[in-house]
Amino acid sequence: MALEPGTQLTPVEVTASLQTSVAYAAASGDLNPLHFDQEFAGNVSPTGGIIAHGMYSMGLASRALTEAAGGPEQVESVEVRFTKPWPLGETASFGGEVTEVADGVAKVRLQGQLTDGTVVLRGTGMIRI
Amino acid sequence: MALNTELVGKTYEPYTYEVAREKIREYASALGETDPRYVSDGDDCVAPPTFAACFTIIKGGAPLFADPELGAHWNLVHGSQRYEFGRSVRPGDVLTCTPRLADVQARGRNEFMTVEVDCRFADGERAVLSTATIVLLGSAPAEED
């Protein structure tokens with residue numbers, strides 16, 4: 001993929017579910033019950049329900065970035081802010097746009113958005129081109 | 001209870017993390033990754049960038065939460081996360097990871113705790129520098145008029 005200002009990443013779209021959440025909990029070692037236990041989440045979650053790991057959303061945004069970059073060796077940095085919770089059952093799309101290219105490095109604005117428009121993640125990736 | 005800001009700058013005991021091929025596969029699979037190198041049996045196997053989550057988030061924060069002098073608690077949300085990468089991580093790498101309390105800021109009734117984890121290969125080169133901002137809810141002292 002030629003990366004120049006305005007280039008859009010191929011988005012990664014996922015519906016969060018108990019299965020995706022348990023798989024990410026086990027894979028990452030983050031076993032906070034907020035991400036799989038409704039009784040626990042009912043007491044502490046900002047939505048009253050189970051929400052996906054912030055790091056799961058970052059992983060998906062980083063996947064879109066890394067695919068555009070051509071592999072993990074090309075990724076210099078990724079940073080994100082978790083702006084809103086991502087409730088299970090909701091579909092989110094993670095993508096971004098190249099905003100700048102200078103000295104062999106492309107700066108990519110990253111975003112994760114639910115189908116109702118809620119932005120769950122914003123960030124920046126730097127990739128070598 | 002508010003965090004002890006006198007500990008800002010404190011470095012915690014390093015821990016090691018040994019990278020396993022099957023763990024890379026499990027992580028890549030959880031994200032639906034399609035790059036065949038993430039699941040390769042060969043020398044080309046490499047970890048996706050945010051595989052760093054496996055050795056920086058829970059493990060990196062653990063010594064801070066265990067520090068009775070700091071006063072961290074579990075009513076929290078993960079506010080933001082940054083990774084600066086060195087060379088890529090591969091099966092068999094043994095990383096030495098050093099957590100550091102980089103910053104504490106109160107905003108309203110919440111406290112923003114910045115945790116850095118510097119992860120290096122056996123040869124001393126950097127694998128990744130992780131910077132996490134953890135928002136501890138409701139524990140900042142009430143502001144004085």
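Start by selecting B:R25, a residue that counts as buried at 18% relative accessibility. Here buried means under 20% relative accessible area, exposed means over 50%, and partly exposed is in between, with a 1.4 Å probe and protein chains only. What you are viewing is a predicted model, in which local features need pLDDT of at least 70 and side-chain atom pairs count only at pLDDT 80 or more, while totals for chains, interfaces and linings use all residues. Residues are numbered from 1 along each chain as its sequence is written, chains are lettered from A and ligands numbered from 1 in the order in which they are written, and side-chain values use heavy atoms, with hydrogens and water left out.

**Stop 1**

A salt bridge here is a side-chain nitrogen of Lys or Arg within 4 Å of a carboxyl oxygen of Asp or Glu. Side chains of opposite charge can pair when their charged atoms come close. Is B:D41 buried or exposed? B:D41 is exposed, with a relative accessible area of 65%.

**Stop 2**

Now move to B:A47, found in the loop between α1 and α2 of chain B. B:A47 is buried, with a relative accessible area of 4%. Which residues does B:A47 touch, not counting those up to four places away in sequence? They are A:P72, B:I24, B:Y38 and B:V89. Contact means heavy atoms within 4.5 Å. Select B:A28 as well: B:A47 and B:A28 are 19 residues apart in sequence and 7.8 Å apart in space, C-alpha to C-alpha.

**Stop 2: zoom out to chain B**

Show chain B as a cartoon and you will find three helices and five strands. Helices (H or I, at least four residues) and strands (E, at least two) are DSSP runs, numbered from the N terminus. Followed from the N terminus on, the elements run β-α-α-α-β-β-β-β. The C-alpha atoms fill a box of roughly 65 × 30 × 20 Å, taken along the principal axes. Of the 145 residues of chain B, 50% count as buried. Among contacts in chain B with a separation of 6 or more, 69% come from residues 24 or more positions apart.

**Stop 3: the hairpin**

Select residues 94-107 and 110-120 of chain B. These are strands β3 and β4, which pair in the antiparallel sense over eleven bridges; two strands pair if DSSP finds at least two bridges between them. For one of those bridges, pick B:V104, whose partner in β4(B) is B:M113. Together β3(B) and β4(B) form a hairpin with two residues between them, and B:G108 in the turn has a positive phi of about 65°. Strand β3(B) also pairs with β1 (residues 15-18) of chain B, in the antiparallel sense over four bridges. There, B:E18 has B:V94 as its bridge partner.

**Stop 4: β2 and its partners**

Next, select residues 76-85 of chain B together with residues 75-82 of chain A. These two β2 strands, one from each chain, pair in the antiparallel sense over five bridges. Which residue in β2(B) is the bridge partner of A:E79? The partner is B:R82. B:R82 also meets B:E84 in a salt bridge through their side chains (3.1 Å, N to O). B:R82 counts as partly exposed at 23% relative accessibility, and B:E84 is partly exposed at 27%.

**Stop 6**

Step along to B:T131, placed in strand β5 of chain B. B:T131 is buried, with a relative accessible area of 17%. Leaving aside neighbours within four places in sequence, B:T131 is in contact with B:S80, B:Q81, B:R82, B:T114, B:V115 and B:E116.

Finish with B:D118 and B:R126, whose side chains meet in a salt bridge (3.2 Å, N to O). Then select A:E73, B:D35, B:R37 and B:R90, which are joined into one network by salt bridges that share partners.
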